[in-house]
Amino acid sequence: TAAPSPDTASFLRCLAVDIPPQVVYTNASPSYNSVLESSIKNLLFVTPSTPTPVAIIAAADASHVQSAVRCGARHGVRVRPRSGGHDYEGLSYRSLSAVRPFAVVDLAALRAVRVDAGRRTAWVGSGATLGELYYAIANRSARLGFPGGLGPTVGVGGHLSGGGFGLLLRKHGLAADHVLDAVVVDATGTLLDRATMGEDLFWAIRGGGGGSFGVVLSWKLRLVIVPATVTVFTVHRPRNQSATSLLTKWQRVAPTLPPDVFLRIVLQIQDAQFESLYLGTRAGLVATMTRWFPELGVKPEDCIEMTWIESVLYFAFYGTGKPAELLLDRGTKPERYFKAKSDYVTNPIPSHVWERTWSWLLRDGAGLLILDPYGGRMGDVSPSATPFPHRRELYNLQYYGFWFKNGTEEAEKHVGWIRGLHREMEPYVSKNPRGAYVNYRDLDLGVNDDGDGGDGVTGYEKARVWGEAYFKGNFERLAAVKAKVDPHDFFRNEQSIPPLPSSR
Ligand code: FDA
């Protein structure tokens, strides 16, 4: 049976029966806008013409999520989960369709973190931020950590759903590699855990992208051991001081360094900023760099010893001596416009291409490039172990542009820069398909067709174009899982996984 045609009034009446009114916000609620914007990060999607939800359910309990899904399924109103609201394309709170009503289930209130230091595990609510998670872990034990992303306000729910990586990636792999169990509300509103959802769905939610399979309420994580002392450095090498040759060499060195070292590069204007986290002491880091990458010229005085949680603060806020409580600041207002794209690099890019890139970085509207090395633990994990397939790449390349001035001209300048450079890099990055990271969501790769003309189900062939960029050979298995757990495609957005057609 096809999904019912949307009936917003009945949907809202259904919510009113099952959910306390104080957690349901509609356009008529005075605080609707502030609740909607509470975790929006990208000003691009705070415009009068952006289609917004008919209701925001600020879930305070699992039953609120179950009711929202049941009411939505009954009355044809789709539900988008929102944890931290950091989706690059805003898919957790906006829709491209002006005619299809949708609701948001906001999980920010479901953010408890329970750390079991003895067992080295934690249960964390999807609405927690990475900062809250790291803070809670460090509070319980100075020798435990978690290998997730750098941005402290990023939501756990979306992050784990798309893989998630940060400075511990080379030692410990992805955030999603450390999920032991999860609690999910499926498309029928049923609450499932790992045992009841089965291994296919459990596989899909650990990297298959958020918003396709259900609403994950909480996750059981395996924590990792961190040394008492870690060491960081940030060194700048301008273009006119050998940055191009360092960058060229970095591509071979960074992915093959011992896994205790993570060495990334941020390229901006005419400068290469090398940032490193080492799981050990200053002496160890200097010795490692001297052995493997002497050209970088890292000196003991460049290196700062600290605890792991201090390194989290260091990379989040660029400095030392910041209070750990900064990690608890969720931020309340969107403050910048941004657009990003990503690539995977399989073979080192020749130095003459990097030479050309410097001139791109001087252009009006230029953004920055972030090069995150893989290798280490990543290479030990099979590309099909989780939906995240990019295990054998040298590094992830992110093109990131941000600006503060409103206006189409300004936006076109920055977005145009990103698209232009991305186009120019095509010959030098991964191919067939050209890869991309789902957590750096990019609708330029393609969007699902509306499906409303037919059976309301997303077309598989069209979705393959973007789906195989994110998931390569795992896309078909994701679609097969989708067909099993959500055949009517209730959890749908512009880049959600389509159900695999039965003819395939
Ligand atoms: P949001 O709530 O917007 O959700 C993202 C997607 O997942 C949406 O489709 C949503 O519907 C779905 N979803 C959300 N919660 C769900 C749930 N509980 N169950 C099912 N689906 C759910 N990445 C990285 O790997 N390393 C990094 O260091 C960083 N750093 C970073 C910094 C900043 C400032 C930004 C804006 C982003 C990053 N990211 C990142 C990218 C980040 O991992 C990505 O945007 C995540 O999807 C964000 O998760 P949120 O819960 O915040 O997003």
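**View 1. Pro433 and its cis peptide bond.** Pro433 is placed in the loop between α12 (408-425) and α13 (460-471); helices (H or I, at least four residues) and strands (E, at least two) are DSSP runs, numbered from the N terminus. The peptide bond that joins Asn432 and Pro433 is cis, with omega about -5°. Most residues other than glycine have a negative phi, and most peptide bonds are trans. The model shown here and in the following views is predicted: local features need pLDDT of at least 70, side-chain atom pairs count only at pLDDT 80 or more, and totals for chains, interfaces and linings use all residues. Residue numbers start from 1 along each chain as its sequence is written.

**View 2. Two residues with positive phi, Tyr318 and Asp489.** Tyr318 is found in the loop between α10 (308-317) and β16 (337-345), and its phi is positive, about 50°, although it is not a glycine. Tyr318 counts as exposed because it has 10 C-beta neighbours inside 10 Å. Here a residue is buried if 20 or more other C-beta atoms lie within 10 Å of its own, exposed if 12 or fewer, and partly exposed in between, with C-beta atoms placed from the backbone. Asp489 lies in the segment after α14 (474-485) and has a positive phi near 60°. Asp489 counts as buried, with 23 C-beta neighbours inside 10 Å.

**View 3. The open sheet of 5 strands.** The strand order is β5-β6-β10-β8-β9, and the pairing is antiparallel; two strands pair if DSSP finds at least two bridges between them. β5 and β9 (191-192) are the edge strands, each pairing on one side only. Strands β5 (residues 113-116) and β6 (residues 121-125) are joined by 4 bridges. Across this pair, Val113 stands opposite Val124, and Asp116 stands opposite Thr121. The hairpin of β5 and β6 has 4 residues between the strands, and Arg120 there takes a positive phi near 55°. β6 also pairs with β10 (residues 215-222), over 5 bridges.

View 4. Ala122 lies in strand β6 and stands opposite Leu221 in β10. Ala122 is buried, with 24 other C-beta atoms within 10 Å. Beyond its neighbours within four places in sequence, the contacts of Ala122 include Val113, Val115, Ile137 and Leu223; contact requires C-beta atoms, placed from the backbone, within 7 Å of each other. Helix α4 (residues 130-140) lies across β5 and β6, at about 35° to β5. Helix α3 (residues 62-75) lies across β8 (179-185), β9 and β10, and runs at about 140° to β10. Axes are lines fitted to C-alpha atoms, for helices over the stretch in contact, and angles run from 0 to 180 degrees between N-to-C directions.

**View 5. The shell around the ligand.** Of the 33 residues around the ligand, Gly84, Gly149, Gly155, Gly158 and Gly210 come nearest; a residue is near a molecule if its C-beta atom, placed from the backbone, lies within 6 Å of it. The elements giving two or more residues to the shell are β3 (78-82), α5 (156-161) and β10. α5 gives the most, with 4 residues. Domain 1 (1-109) and domain 2 (113-225) both give residues to the shell, so the ligand lies between them; the domain bounds come from an automatic or database domain assignment.

Technical notes: Contact = placed C-beta atoms within 7 Å.
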